[in-house]
Amino acid sequence: KTMTGRNMTNYDMDEIERKRDSVDWIDNIKDDYPYLPVLEPRSTFNKCIVGIIERINLTSICYDTSKIIEALMEDTEMSYDDAWEYYEYNIQDAYMGIHSPVFLTFKKG
């Protein structure tokens, strides 16, 4: 199918989910996007990556905020409140240059 001269592809959403959860995809981010800063330690935060965001003149790694909180609680044995405080002060507010990571937060309600 084409739309304004572009080829359109139908994606199998299950296949996309499998690729997103694949360790290979996440491990290859630094190969595919060597200029993008990542959260360290990667062993804690790579599992929180949900994708790459792109727009004109900007590319960044996108992390799932709820997964970051879970990872902090599991890997450092922080309480829920301590994990949120750590996230807000040390991760969300950290500036890592023009390609600083972005954070996806789902709001209920």
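Student: Is E77 buried or exposed?
Tutor: This model is predicted: local features need pLDDT of at least 70, side-chain atom pairs count only at pLDDT 80 or more, and totals for chains, interfaces and linings use all residues. Residues are numbered from 1 along each chain as its sequence is written, and side-chain values use heavy atoms, leaving out hydrogens and water. Relative accessible area under 20% is called buried, over 50% exposed, and in between partly exposed, with a 1.4 Å probe and protein chains only. Because E77 has a relative accessible area of 72%, this residue is exposed.

Student: Where is E77 placed?
Tutor: Helices (DSSP runs of H or I, at least four residues) and strands (runs of E, at least two) are numbered from the N terminus. E77 is not a glycine, yet its phi is positive, about 60 degrees. Its place is in the loop between α5 and α6.

Student: At what angle do the axes of α5 and α6 cross?
Tutor: Axes are lines fitted to C-alpha atoms, for helices over the stretch in contact, and angles between N-to-C directions run from 0 to 180 degrees. The axes of α5 (residues 65-76) and α6 (residues 80-92) come within 9 Å, and their crossing angle is roughly 120 degrees.

Student: How many nonpolar residues are in the contact of α5 with α6?
Tutor: Contact means heavy atoms within 4.5 Å. Among the residues making it are I68 and L72 of α5 and W84 and I91 of α6. Ala, Val, Leu, Ile, Met, Phe, Trp, Tyr, Cys and Pro count as nonpolar, Asp, Glu, Lys and Arg as charged, and the others, including Gly, as polar. With no charged residues and 1 polar residue, the number of nonpolar residues is 10.

Student: Which peptide bond is cis, with omega near 5 degrees?
Tutor: P41 is placed in the loop between α3 (29-32) and α4 (42-45). The cis bond, with omega near 5 degrees, runs from E40 to P41.

Student: What is the relative accessibility of N57?
Tutor: N57 lies in the loop between β3 (49-55) and β4, and its phi is near 60 degrees. N57 counts as exposed because its relative accessibility is 70%.
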